[in-house]
Amino acid sequence: MKITKHGSAAWQGTIKEGKGTISTETGALDKYPYGFGSRFEGQKGSNPEELIAAAHASCFTMALSLMLTEAGLTPDQLDTSAAVTLEKEGEGFTITSSHLTLKAKVPDVDEAKFKEIAEKAKAGCPVSKLLKAEITLEASLVG
């Protein structure tokens with residue numbers, strides 16, 4: 001099976017004064033603003049790093065749900081956030097890491113088995129495989 005999804009971006013103007021929009025084929029984002037200010041100066045709008053963070057968090061969480069299900073476990077709740085770091089390197093910038101933080105309610109699983117499955121999901125998630133940055137995971141059972 002092969003699935004292709006689409007996203008797009010448009011840009012007008014110089015890097016600092018210019019403005020862009022991003023869109024997804026589903027319409028979840030439709031000409032949503034992004035730019036230098038939202039990427040580097042904390043201004044309103046989106047940026048590539050937060051989009052990668054959302055993609056990584058959602059992909060990992062789905063992979064974990066699959067692996068828990070395959071292990072005969074049903075999660076009550078999986079809440080994942082991702083912190084994607086962009087750093088200046090030489091003349092340019094590099095995304096150097098993605099740190100996943102997971103809080104999970106999973107009945108009938110011990111801590112060791114849970115962490116083993118979570119680590120496998122971190123490594124096996126397609127977005128983790130795409131990223132060449134360091135990927136770390138902080139996973140905890142709650143409740």
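The largest nonpolar core comprises 22 residues, within which Phe60, Leu64, Leu102 and Val106 have the most contacts. At least two residues of this core come from each of helix H2 (48-70), E5, helix H3 (111-124) and strand E6 (134-141). H2 is the greatest contributor, with five residues. The model described here is predicted.

**Core contacts**

- Val106, one of the residues with the most contacts inside the core, touches Leu68, Leu73, Pro75, Leu78, Phe114 and Leu141 when residues up to four places away in sequence are not counted.
- Leu78, which Val106 touches, has Ala104 of E5 as its bridge partner.

- Three strands form an open sheet in the order E4-E5-E6, and their pairing is mixed.
- Strand E4 (77-89) and E6 are the edge strands, each pairing on one side only.
- On average, neighbouring strands of this sheet are turned by 15 degrees against each other, direction ignored.
- E4 and E5 run antiparallel and are joined by 13 bridges.
- H2 lies across E4, E5 and E6, and its direction is at about 140 degrees to E4.
- H3 also packs on the sheet, where it touches E5 and E6, and its direction makes about 150 degrees with that of E6.

**Ser98 in strand E5**

- Ser98 belongs to strand E5, which spans residues 92-105.
- With a relative accessible area of 2%, Ser98 falls under the 20% cut-off and is therefore classed as buried.
- The side chain of Ser98 makes a polar contact of 2.7 Å with the side chain of His56.
- Beyond its neighbours within four places in sequence, Ser98 is in contact with His56, Ala82, Ala83, Val84, Leu131, Glu134, Ile135 and Thr136.

- Strand E1 (residues 7-12) pairs with strand E2 (residues 19-24) in the antiparallel sense, over six bridges.
- Within this pairing, Gly7 stands opposite Thr24 in E2.
- Six residues lie between the strands in the hairpin of E1 and E2, where Gly13 takes a positive phi near 100 degrees.
- E2 also runs antiparallel to strand E3 (residues 32-34), to which three bridges join it.
- Tyr32 in E3 is the bridge partner of Ile22.

Key:
Residues numbered from 1 in each chain as written. Predicted model: local features only at pLDDT ≥ 70, side-chain atom pairs only at ≥ 80, totals over all residues. Heavy atoms only, no water. Helix = DSSP H or I, 4+ residues; strand = E, 2+ residues; numbered from the N terminus. Buried < 20%, exposed > 50% of the residue type's maximum accessible area, 1.4 Å probe, protein only. Polar contact = N/O pair within 3.5 Å; in protein donor to acceptor, adjacent residues only side chain to side chain. Contact = heavy atoms within 4.5 Å. Core = buried A, V, L, I, M, F, W, Y, C linked by side-chain atoms within 4.5 Å. Pairing = 2+ DSSP bridges. Axes fitted to C-alpha atoms, helices over the stretch in contact; angles between N-to-C directions.
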